[in-house]
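Below I keep what I looked up, in the order in which I looked.

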Amino acid sequence: MTIHTRQNALGSSGGEVRKRLPEAVLVLAGGTAKRLGGVSKPDYKIGPLRLIDIVLAEIDRTGFAGRIVAVAPNELAVREGVELTLEDPPHGGPLAGLGAGVAALADMPGSTLVAVMTCDAPLSPRLWGELCIEIGKVDAAVPVSADAEAWPQYLHGCYRLRALRDLSIYRDVSIRRGFATITAAHVVDTNWCCMDVDTPADAKDMAVRLGFRLV
């Protein structure tokens, strides 16, 4: 399998290209995929690979070398080094899941640069270079689509950990409401890297993007 990502040059020293990347990643991978047959979403296959496998491959392709925390049930099979956590009780919605992921990073300083992503949008790490470089005066950067009326994609953004810790985390609360206090820089997602897989048709489109042969 070949998964191509856009590399972002963020400066150089002695001719060596440097990239600014997160130091930790929170992958929201809980819940069931009702429109995909009610299966475990991270286990849903796109071509020969599960969504969670594609997520980890995309993370690796960026050159990331930090902590990966997946908010998912303990029975999810992941490679060694990926931490699993989950809100208690489960199925509290993405904001509650995010809270569990943030709690798992309790030992890290507030200045830590954290990427947030969902397992059903595995291409979002392709935006990390652009997002991370925008974090300076503000502690958050999030993608937006080219549609001027679209809402910021908070679950695909990069943040200082202190900004995530300041969120009011509640169960079954919308992301829009939960992130209402966040001031974020916006990066236009011109290549639709935040494309998510919610339906079988989406899965076919993702397979085509990844170069998998459709049967």
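**Strand pairing**

I began with A141 and found that its bridge partner in β13 is A185. I then noted that β11 (residues 140–144) and β13 pair in the parallel sense over 4 bridges, where pairing requires that DSSP finds at least two bridges between two strands.

Before going further I wrote down that this is a predicted model, in which local features need pLDDT of at least 70 and side-chain atom pairs count only at pLDDT 80 or more, while totals for chains, interfaces and linings use all residues. I also noted that residues are numbered from 1 along each chain as its sequence is written, and that side-chain values use heavy atoms, with hydrogens and water left out.

Buried here means under 20% relative accessible area, exposed over 50%, and partly exposed in between, with a 1.4 Å probe and protein chains only.

**Whole protein**

I looked up 6 helices and 13 strands, which are DSSP runs numbered from the N terminus (helices H or I, at least four residues; strands E, at least two). Of the 215 residues, 49% are buried.

**Cores**

I turned to the largest nonpolar core, which has 28 residues, and saw that V25, V27, I59 and W128 touch the most other members. Such a core is a set of buried Ala, Val, Leu, Ile, Met, Phe, Trp, Tyr and Cys residues joined through side-chain atoms within 4.5 Å. Among the elements that give two or more residues to this core are β3 (24–28), α1 (51–61) and β13 (185–188), and α1 gives the most, with 4 residues.

Leaving out residues up to four places away in sequence, I59 touches V25, V27, F64, I68, M117, P125 and W128, a contact being heavy atoms within 4.5 Å. Apart from this core I recorded another, of 25 residues, among them V102, M108, L161 and L167.

**Cysteines**

How many disulfides does a search of the whole structure find? The search finds 0, taking a disulfide as a pair of cysteine sulfur atoms within 2.5 Å. I checked C158, whose sulfur is 3.9 Å from the closest cysteine sulfur, in C132, and therefore too far for a bond. C158 counts as buried, at 0% relative accessibility.
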